[in-house]
Amino acid sequence: MKETDREAVATAVQRVAGMLQRPDQLDKVEQYRRREARKKASVEARLKAAIQSQLDGVRTGLSQLHNALNDVKDIQRSLADVSKDWRQSINTIESLKDVKDAVVRHSQLAAAVENLKNIFSVPEIVRETQDLIEQGALLQAHRKLMDLECSRDGLMYEQYRMDSGNTRDMTLIHSYFGSTQGLSDELAKQLWMVLQRSLVTVRRDPTLLVSVVRIIEREEKIDRRILDRKKQTSFVPPGRPKNWKEKMFIILDRTVTTRIEGTQADTRESDKMWLVRHLEIIRKYVLDDLIIAKNLMVQCFPPHYEIFKNLLSMYHQALSTRMQELASEDLEANEIVSLLTWVLNTYTSGEMMGNMELAPEVDVSTLEPLLSPDVVSELLDTYMSTLTSNIIAWLRKALETDKKDWIKETEPEADQDGYYQTTLPAIVFQMFEQNLQVAAQISEDLKTKVLVLCLQQMNSFLSRYKEEAQSYKEEHLRNRQHPHCYVQYMIAIINNCQTFKESIVSLKRKYLKSDMEEGVSLSQPSMDGILDAIAKAGCSSLLEEVFLDLEQHLSELMTRKWLLGSNAVDIICVTVEDYFSDFAKIKKPYRKRMTAEAQRRVVLEYLRAVMQKRISFRSAEERKEGAERMVQEASQLRLLFRKLASGFGEDADGHCDTIVAIAEVIKLTDPSLLYLEVSTLVSKYPDIRDEHIGALLAMRGDTNRDMKQTIIETLEQGPTQANPNYVPIFKEIVVPSLNVAKLLK
């Protein structure tokens, strides 16, 4: 208490110190005192009210406890009176035992009298019931069966009440009514037969199905009543509960399963399309059955049976089980496609569960998948593995077939534009197209995977195609007479490259989403490069054919025979033009490159003939005649290649001008101007080297060693700047070292 007083005093001191911190606050001391007095009075009033409330509560509680004590005493006195009365009545109760036994016997006799007619007529009722069952009058048969069971159960219950341990009498009653259980089983068989054919029965005789449902409902009510009585008496008649409603759904489920399994009419050995036929039959049967169930069977069953919902679940489960069984078999690639297409697409489409006649009861978005994701993934992996092997085999076979065409004695076919081609691109991409169309039926993801697979295998295939084309060329070079149509088939190979490129682009555009195209393109090796390499090698091999035939005539250039009037260039032009009449069957992108390459190589061989010093002019007259001949032949070549390049929009004069420029150096009559002319040549063709200039001056035949050396050294000191568009040509020309050695002596 003292501690509390000290804390109160300390708190008060702290508050007063807070109020009187400045001298001017002393004037308000009286005001502070009155305010604190009011607060104190308020607190005291609240304390008094709280204490008064507590006192009132305690007073009320004491009063209630007193009343409760009085009540307990009254009850105790009443219990004592009851106990006294009970002891006095024990003897009276024991004297009534005979009355009780008489009541039980009376009850049994009353039950026997009540069922006496039925008891004596049991054999007759059994026969009538049997006849009704055989006649199909199921409702009447069930009514009589219920009468028999009611009599039996009533007698057995009374016997159970009187003496539950008397098994002899219970057995006697049971054996007397022994035929009842047989009739129940026979009636049940008839019910199950009707239910097994319910989809047919509901269309032909719906009343029969309704009768079956009514019988099952009656038995369900009897089962419930007996189970309720069991809780009180523990008595259950034999054969109860029958649970016919539960058995009904079991029968329906077994019927659905049998119907699904029984749709397989063929095997792989008898029909390659066995699975397609099997799945189509399932689709048709299930759709028809569910439509009948929705429109007709629902009307024959009570709403709480939810018959359509239950049947839908049964069909779905049976289908899932059947699909699992099919998936576990060793399916071929086309069978996997058929199964997955049916499971993933057909099942939920408008052709089956999404059919408008099943809406809105069937919501495809709520249906569980028929196959688990793991099984689907496993099937897809198997399909992709098999497809990979098949594509590799198909591509190999297609290439082997195409190679056989290469050695034919007849020319290859031409397309609508007249370009030679073989059937290889069409066969390959028809195969790709078929597989992609099949994959697209299953899913977008599989379609993309198959496209990637096709592109990967196409890349490997093109590498083999390149090797085979090279082998074809080498085989021909060993014997140029064989095969007979080598040029035409090499043209077809070149054209195939362009067809492949266009087909690849078309395939990607058709089967690849735009947002995925870049990723797939980056993930694939560049096939354009391989195709261009094949086409370039093919063009080079054809040009080699040309230059093998030109070799003899090219060797005549810049020789004494040439100067005296050889027609080598005329033959060269005719030969090139003749070859290029065949090369016109090459598609433009490659023919354009080939024409430019042919011109470059002809000019290159011409310049190489100049640099090989096959002739040394003896006079200014010979130099003039040779130069004029070179200009004339350059003009011939220019006209030839202009003609060959017509339609390409390209300048075909560039390389031929090089011959004219060389001719200008040869034609020059004043040796003192050679430096100027040669420097002009070097500025125009910056890749020309000292040995080229030396060989050119040596061919003129009028320059001494000092003049040659001076020109070469002077040109070496002068800067040369190449035109950015200039294509080097002299760097490919090798001047024989012997000529250079003689020049510098």
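Buried means under 20% relative accessible area, exposed means over 50%, and partly exposed covers what lies in between (1.4 Å probe, protein chains only). These close-ups show a predicted model, in which local features need pLDDT of at least 70 and side-chain atom pairs count only at pLDDT 80 or more, while totals for chains, interfaces and linings use all residues. Residues are numbered from 1 along each chain as its sequence is written, and side-chain values use heavy atoms, with hydrogens and water left out.

**View A. Arginine 560 and glutamate 622 form a salt bridge.** Look for the closest N and O atoms of this pair, which are 2.9 Å apart. A salt bridge is a side-chain nitrogen of Lys or Arg within 4 Å of a carboxyl oxygen of Asp or Glu. Arginine 560 sits in helix α21 (residues 560–563) and glutamate 622 in helix α24 (residues 620–644), so this pair ties together parts that are 62 residues apart in sequence. Helices (H or I, at least four residues) and strands (E, at least two) are DSSP runs, numbered from the N terminus. Is glutamate 622 buried or exposed? With a relative accessible area of 16%, glutamate 622 is buried, whereas arginine 560, at 25%, is partly exposed.

**View B. Aspartate 532 meets arginine 593 in a salt bridge.** Here the N to O distance is 4.0 Å. Aspartate 532 belongs to helix α20 and arginine 593 to helix α23 (residues 588–611), so the two side chains tie together parts that are 61 residues apart in sequence.

**View C. Glu400, Lys403 and Glu468 are linked in a network of salt bridges.** Glutamate 400 is partly exposed at 37% relative accessibility, and lysine 403 is partly exposed at 23%. The count for the model comes to 30 salt bridges.

**View D. Val43, Leu47, Ile51 and Leu55 form a nonpolar patch on the surface.** Together, these four side chains have about 360 Å² of accessible area. A patch is made of residues with over 30% relative accessible area and no salt bridge, joining like charges within 9 Å and nonpolar side chains (Val, Leu, Ile, Met, Phe, Trp, Tyr) within 5 Å. The areas come from the Shrake-Rupley method with a 1.4 Å probe, and for residues only the protein chains shown count as cover. Leucine 55 lies in helix α2 (residues 29–94) and is partly exposed at 45% relative accessibility.

**View E. The largest pocket holds about 600 Å³ of space.** Its lining has 29 residues, and Asn334, Glu335, Val337, Ser338 and Val438 lie nearest the centre. Which helix gives the most to this lining? That is α14, with eight residues. By class, the lining has 15 nonpolar, nine polar and five charged residues. Ala, Val, Leu, Ile, Met, Phe, Trp, Tyr, Cys and Pro count as nonpolar, Asp, Glu, Lys and Arg as charged, and the others, Gly among them, as polar.

**View F. One cavity of 30 Å³ or more turns up in a search of the whole structure.** The largest cavity contains about 70 Å³ of space. Its lining includes Lys466, Met490 and Ser541, and the elements giving two or more residues to it are α17 (444–478), α18 (486–511) and α20 (527–554). Five of the lining residues are nonpolar, three polar and two charged. On a 1 Å grid over the protein atoms alone, a cavity is a set of points where a 1.4 Å probe fits but cannot get out, a pocket is an open set with protein on both sides within 12 Å along at least five of seven lines, and lining residues have an atom within 4 Å of a point. Grid points are joined across faces, edges and corners, and a volume is the space filled by probe spheres set on the points.

**View G. A cis peptide bond joins histidine 482 and proline 483.** Omega is about -5 degrees for this bond, and proline 483 is in the loop between α17 and α18. The bond from alanine 359 to proline 360 is also cis, with omega near 0 degrees. Proline 360 can be found in the loop between α14 and α15.
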